[in-house]
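Take a look at the model first, and then we can walk through it together.

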Amino acid sequence: MTTSVQQILQNKGSAIHAVAPGSSVFTALELMARHDIGSVLVTEGARLIGIFTERDYARKVVLHGLNSKNATVGELMTQNILTVSPSHTIEDCMAIMTNNRFRHLPVVEKGEIAGIVTIGDVVKAVITDQSNTINQLHGYIAGDLQTGTPHGLLIS
């Protein structure tokens with residue numbers, strides 16, 4: 001069974017947390033801390049224009065000696081971000097995240113933000129899929145042991 005982004009959003013919800021590009025980095029960090037998340041989307045109205053992550057903070061604020069209360073998210077956000085649609089698979093997300101070395105992937109459907117998928121969501125979905133497969137195989141094997149007959153074989 002292949003898990004889709006839509007299934008992940010149905011399980012976790014499609015809530016997103018966003019800030020405007022003029023928001024201070026400090027405001028974005030407060031929002032991230034309040035919701036225990038590692039990124040916020042950056043929007044102008046309903047339009048996605050970027051993402052600001054903990055990695056952006058560590059590499060673009062702290063290492064450059066900037067002040068999080070004076071620097072704006074728009075100055076430091078990651079722009080030209082990749083997105084997925086609800087029909088993408090978890091395997092698609094893994095490939096995109098691995099190849100591009102990031103952990104947060106916005107979900108966009110028909111030009112509107114539908115949610116966000118994180119590396120944690122991907123790992124959870126993979127573990128769930130693997131657990132389901134193991135349970136199915138276990139049931140298949142246990143069924144054979146109970147009857148003494150391999151599935152698919154007819155003994156007359």
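A pocket here is an open set of points on a 1 Å grid over the protein atoms alone, with protein on both sides within 12 Å along at least five of seven lines, and its lining residues have an atom within 4 Å of a point. The model is predicted, with local features needing pLDDT of at least 70 and side-chain atom pairs pLDDT 80 or more, while totals for chains, interfaces and linings use all residues. Residues are numbered from 1 along each chain as its sequence is written, and side-chain values use heavy atoms, without hydrogens and water.

**Pocket**
- The largest pocket is lined by 19 residues, and nearest its centre lie Thr-53, Arg-55, Arg-101, Phe-102 and Arg-103.
- Strands β3 (47-53) and β4 (104-109), like α3, each supply at least two lining residues.

**Salt bridges**
- The whole structure holds three salt bridges, each a side-chain nitrogen of Lys or Arg within 4 Å of a carboxyl oxygen of Asp or Glu.
- One of them joins the side chains of Asp-121 and Lys-12, at 2.7 Å from N to O.
- Because Asp-121 lies in helix α6 and Lys-12 in helix α1 (residues 5-12), this pair ties together parts that are 109 residues apart in sequence.

Key
On a 1 Å grid over the protein atoms alone, a cavity is a set of points where a 1.4 Å probe fits but cannot get out, and a pocket is an open set with protein on both sides within 12 Å along at least five of seven lines; lining residues have an atom within 4 Å of a point. Helices (H or I, at least four residues) and strands (E, at least two) are DSSP runs, numbered from the N terminus.
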